[in-house]
Amino acid sequence: MRKSHPVRRVVLATAATVSGVVLMLSLKPSSDPTSAQAGGTIPQQTAAAQESAQGGTGAAAGGAVTGDVVQTQYGPVQVRITVSGNKIMKAEAVQAPKGGESDQKTALSVPKLNQAVVAKQSPQIDTVSGATYTSEGYKKSLQSAIDKANAAAPAQPSAQPSQPAGGSAGAAAKTVTGAVSQTQYGPVQVRITVSGGKVTKAEAVQAPKGGTSDQKTALSIPKLNQEAVASGSADIDSVSGATYTSEGYKKSLQSALDQAGG
């Protein structure tokens, strides 16, 4: 038998070596655990980050905000509002008096109050006749919901430019007179004094007079003046026995507050 040629052995050995190298290179990428872990870890972190961002953004951008529970003579009242783009898109009572006559009063008043809130974009809405306690409780819970929405909104700094309109903190006090509010018993007009962004004085420059109106005015106006200063807003309680005067007072007070820059 003839001996194999040396050149042929060299060629065969070289070919075997090349095949082995190619096989090792083809197997290496699939055996790299680092690349496999990186491919699965990044999407998980991104999803978690998105969830946390959505939770924070939702609280600041708006959504549904529920006010405090307000106890009335006939039961609790609690209001929830839906806010979008700094506007109240929806208002609803998640709690309201029920049972007996309260069912009828709630059915009569709550839909009207809900509509009034969306229409006026303010807690300064009219009390529904025949459902005074429910209406007052509704407005208080509504104010609470609005306060919470304002506190969570990122647009709070935009309220700062309104201060120069009413004077800076160091500016002198100024007096603003609200619009005349006509009531069933006569006109009501309120004047307020504002200093440092706060109401320091409130007075009625016009109020119903003559006959029993004199007594009602003497009874209600001092109380309303005190509450206006204490609250710093027109969201104050009506004085029992002087509902028309109280409502007219609050409307004129809101007008004065608007002129003073809120």
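A salt bridge is a side-chain nitrogen of Lys or Arg within 4 Å of a carboxyl oxygen of Asp or Glu. The views below come from a predicted model, and the structure holds eight salt bridges.

**View 1. Salt bridge between E247 and K250 in helix α7.** The closest N and O atoms of E247 and K250 are 3.2 Å apart, so the pair falls within the 4 Å limit. Both residues belong to helix α7 (residues 243-259), where three residues, about one turn of the helix, separate them. E247 and K250 are both buried.

**View 2. A network of salt bridges that includes E247 and K250.** E136 and K139 are linked with E247 and K250 in this network.

**View 3. Salt bridge between E92 and R80.** In this pair the closest N and O atoms lie 3.6 Å apart. E92 counts as partly exposed, because its relative accessibility is 23%. R80 is also partly exposed, with a relative accessible area of 29%.

**View 4. Salt bridge between E203 and R191.** Here the distance between the closest N and O atoms is 3.7 Å. E203 is part of strand β8 (residues 198-206) and R191 is part of strand β7 (residues 186-195), so the pair ties together parts twelve residues apart in sequence. The relative accessibility of E203 is 24%, which means that E203 counts as partly exposed. R191 is partly exposed as well, at 29% relative accessibility.

Key
Residues are numbered from 1 along each chain as its sequence is written. This is a predicted model: local features need pLDDT of at least 70, side-chain atom pairs count only at pLDDT 80 or more; totals for chains, interfaces and linings use all residues. Side-chain values use heavy atoms; hydrogens and water are left out. Buried means under 20% relative accessible area, exposed over 50%, partly exposed in between (1.4 Å probe, protein chains only). Helices (H or I, at least four residues) and strands (E, at least two) are DSSP runs, numbered from the N terminus.
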